[in-house]
Amino acid sequence: MNDAKEQCSNTHEGKVVSATGNKLVSTCSKGHEHTHTVAADAKVTCGGKVCTTADLKVGSDVCVTTKKDDKNVAIAIESTDKTATAKAATRV
């Protein structure tokens, strides 16, 4: 039970380390690094607007929610980064 991932809940706030394809690496407020597979139906938002993992900027603040039974799968990612929000808005 001393595994860093088990010490964090299935929702954590942190910063983006990298986001490519369906993979997200982030840190949590406890300083642990987490690698997630982003579910195909994951809800990804940037500043409240729908975006993709490609819009997530390294270092931006995120709240990541994982499946309760599989903390390696992200089902929701919420970013408050304004640069990512503007980038996502230009695609609409």
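User: Which residues does His36 touch, once residues up to four places away in sequence are not counted?

Analyst: His36 touches His12, Asn22, Lys23, Leu24, Ser26, Val64, Thr66, Lys71, Asn72 and Ala74, where contact means heavy atoms within 4.5 Å. This is a predicted model, in which local features need pLDDT of at least 70 and side-chain atom pairs count only at pLDDT 80 or more, while totals for chains, interfaces and linings use all residues. Residues are numbered from 1 along each chain as its sequence is written, and side-chain values use heavy atoms, with hydrogens and water left out.

User: Why is His36 called buried?

Analyst: The relative accessibility of His36 is 2%, and buried means under 20% relative accessible area, with exposed over 50% and partly exposed in between (1.4 Å probe, protein chains only). His36 therefore counts as buried.

User: Where in the chain does His36 lie, and what does the side chain of His36 reach?

Analyst: His36 belongs to strand 3, residues 33-46; strands (E, at least two residues) and helices (H or I, at least four) are DSSP runs numbered from the N terminus. The side chain of His36 comes to 3.1 Å from the backbone oxygen of Lys71, and Lys71 is also among the residues that His36 touches.

User: Why do Cys46 and Cys51 count as buried?

Analyst: Cys46 has 0% relative accessibility and so counts as buried, and Cys51, with a relative accessible area of 9%, is buried as well. Two further cysteines can be judged in this way, because Cys28 has a relative accessible area of 5% and is buried, and Cys63 is buried with a value of 18%.

User: Which residues have the most contacts inside the largest nonpolar core?

Analyst: They are Val16, Leu24, Leu56, Val62 and Ile77, in a core of 15 residues; such a core is a set of buried Ala, Val, Leu, Ile, Met, Phe, Trp, Tyr and Cys residues joined through side-chain atoms within 4.5 Å. Strand 1 (11-20), strand 3, strand 5 (61-67) and strand 6 each give two or more residues to this core, and the largest share, 5 residues, comes from strand 3. Leu24 touches residues including Val16, Leu56 and Ile77.

User: What makes the pair Asp61 and Lys15 a salt bridge?

Analyst: The side chains of Asp61 and Lys15 meet at 2.5 Å, N to O, and a salt bridge needs a side-chain nitrogen of Lys or Arg within 4 Å of a carboxyl oxygen of Asp or Glu, so the pair qualifies. The pair links distant parts of the chain, with Asp61 in strand 5 and Lys15 in strand 1, 46 residues apart. By this rule the count comes to 1 salt bridge.

User: Why is Thr80 called exposed, and why is Glu78 called partly exposed?

Analyst: Thr80 has a relative accessible area of 52% and is therefore exposed, whereas Glu78, at 45%, counts as partly exposed. Glu78 lies in strand 6 (residues 70-79), and Thr80 sits in the loop between strand 6 and helix 2 (82-89).

User: How many residues apart in sequence are Thr80 and Cys46?

Analyst: Thr80 and Cys46 are 34 residues apart in sequence, yet 5.7 Å apart in space, C-alpha to C-alpha. Glu78 and Gly48, 30 residues apart along the chain, have C-alpha atoms separated by 7.6 Å. Leaving aside neighbours within four places in sequence, Thr80 is in contact with Gly47 and Asp61, while Glu78 touches Thr45, Asp61, Val62 and Cys63.

User: How many helices and strands does the chain have?

Analyst: The chain has 2 helices and 6 strands, which follow the pattern α-β-β-β-β-β-β-α along the sequence. Of its 92 residues, 39% count as buried.

Key. Polar contact = N/O pair within 3.5 Å; in protein donor to acceptor, adjacent residues only side chain to side chain.
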